[in-house]
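Good morning, and thank you for coming. I would like to take you through one protein chain today, one region at a time.

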Amino acid sequence: MASDHRDRPSGTPATAPLPPAALIGWRWLALLYDLFPALGLWFTVGVLSVALHGGEPVRADTLAGWLELAALWSVTGAYAVLSWRRGGQTLGMRAWRLRVAAPDGGRPGWRALMLRYAVATASLLLAGAGFWWAWFDRDRLTWHDRASGTRMRREARGH
């Protein structure tokens, strides 16, 4: 993995190795794991949507359907962004020892994390193209890593 001083956490000597970049397989496993809390959030949004719609299912081709889709995307984004901002990890990332950080190892800002979520969504809608890109990227970065200026690292055991 190519790296330079910009990827080194502040206060880390130049000779200390950086945590390894998170490989695509670890990222996909974390996404799969995060599907479970997301399903709980989606179920809650669905129940509220049906309740607000008078007990009737919401049809996808209506304004209510689009609003429900926006709510599903927003609640999932809130879960991801708040998790990343609070501790650098979602539940799925914690299970696989992955952490999102700024290039200097610090906590990324809100704007960077929201951009990360938006670009990752676009990447997933394009059959995961932005994730697969990490195989060809010299620094193993995905589209959302590059766009947001964040990095995902795999931590050592017991860290």
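**The largest pocket**

The largest pocket has a volume of about 680 Å³. Please bear in mind from the outset that this is a predicted model. Which residues lie nearest the centre of the largest pocket? They are L31, T76, Y117, T121 and L124, and the lining comprises 28 residues. Helices α1, α2 and α4 each contribute at least two residues to that lining. Of the elements, α1 gives the most, with 9 residues.

**The chain as a whole**

Let me now step back to the overall fold. The secondary structure comes to 6 helices and 2 strands. The chain has 159 residues, and 37% of them count as buried. If we take contacts between residues at least 6 apart in sequence, 64% of those contacts join residues at least 24 apart.

L23 and L98 stand 75 residues apart in sequence, while their C-alpha atoms are 9.8 Å apart in space. L23 belongs to the segment before α1, and L23 is partly exposed, with a relative accessible area of 40%.

In soluble globular proteins, nonpolar side chains tend to be buried together. Here, the largest nonpolar core holds 10 residues: A30, A80, V81, W84, M93, L98, V100, L113, Y117 and M152. Which elements each supply at least two residues of this core? They are α2 (63-87), β1 (98-101) and α4 (110-125). The largest share, 3 residues, comes from α2.

Leaving aside residues up to four places away in sequence, V81 touches W110, L113, M114 and Y117. Two of these names, L113 and Y117, are also on the list of core residues. W84, another core residue, has a charged neighbour: R116 lies over the face of W84, at 5.3 Å from the ring centre.

**The aromatic rings**

A pair of aromatic rings is described by the distance of the centres and the angle of the planes. How many aromatic pairs does a search of the whole structure find? The search finds 6. One of them joins W28 and W132, with 5.2 Å from centre to centre and 35° between the planes, and this pair is tilted. W28 lies in helix α1 (residues 24-52) and W132 in helix α5 (residues 129-132), so the pair ties together parts that are 104 residues apart in sequence.

W133 is partly exposed at 40% relative accessibility, while F136, at 65%, counts as exposed.

W28 and W132 also belong to one aromatic cluster together with F131 and W135. Lastly, W26 has a charge over its ring, as the charged end of R154 sits 3.5 Å from the ring centre.

Thank you for your attention.

Key. Residues are numbered from 1 along each chain as its sequence is written. This is a predicted model: local features need pLDDT of at least 70, side-chain atom pairs count only at pLDDT 80 or more; totals for chains, interfaces and linings use all residues. Side-chain values use heavy atoms; hydrogens and water are left out. Rings of Phe, Tyr and Trp (its six-membered ring) pair if their centres lie within 6.5 Å; planes under 30 degrees apart count as stacked, over 60 as edge-to-face and the rest as tilted. Helices (H or I, at least four residues) and strands (E, at least two) are DSSP runs, numbered from the N terminus. Buried means under 20% relative accessible area, exposed over 50%, partly exposed in between (1.4 Å probe, protein chains only). A charge sits over a ring if NZ of Lys or CZ of Arg is within 6 Å of the ring centre and within 35 degrees of the ring normal. A nonpolar core is a set of buried Ala, Val, Leu, Ile, Met, Phe, Trp, Tyr and Cys residues joined through side-chain atoms within 4.5 Å. Contact means heavy atoms within 4.5 Å. On a 1 Å grid over the protein atoms alone, a cavity is a set of points where a 1.4 Å probe fits but cannot get out, and a pocket is an open set with protein on both sides within 12 Å along at least five of seven lines; lining residues have an atom within 4 Å of a point. Grid points are joined across faces, edges and corners, and a volume is the space filled by probe spheres set on the points.
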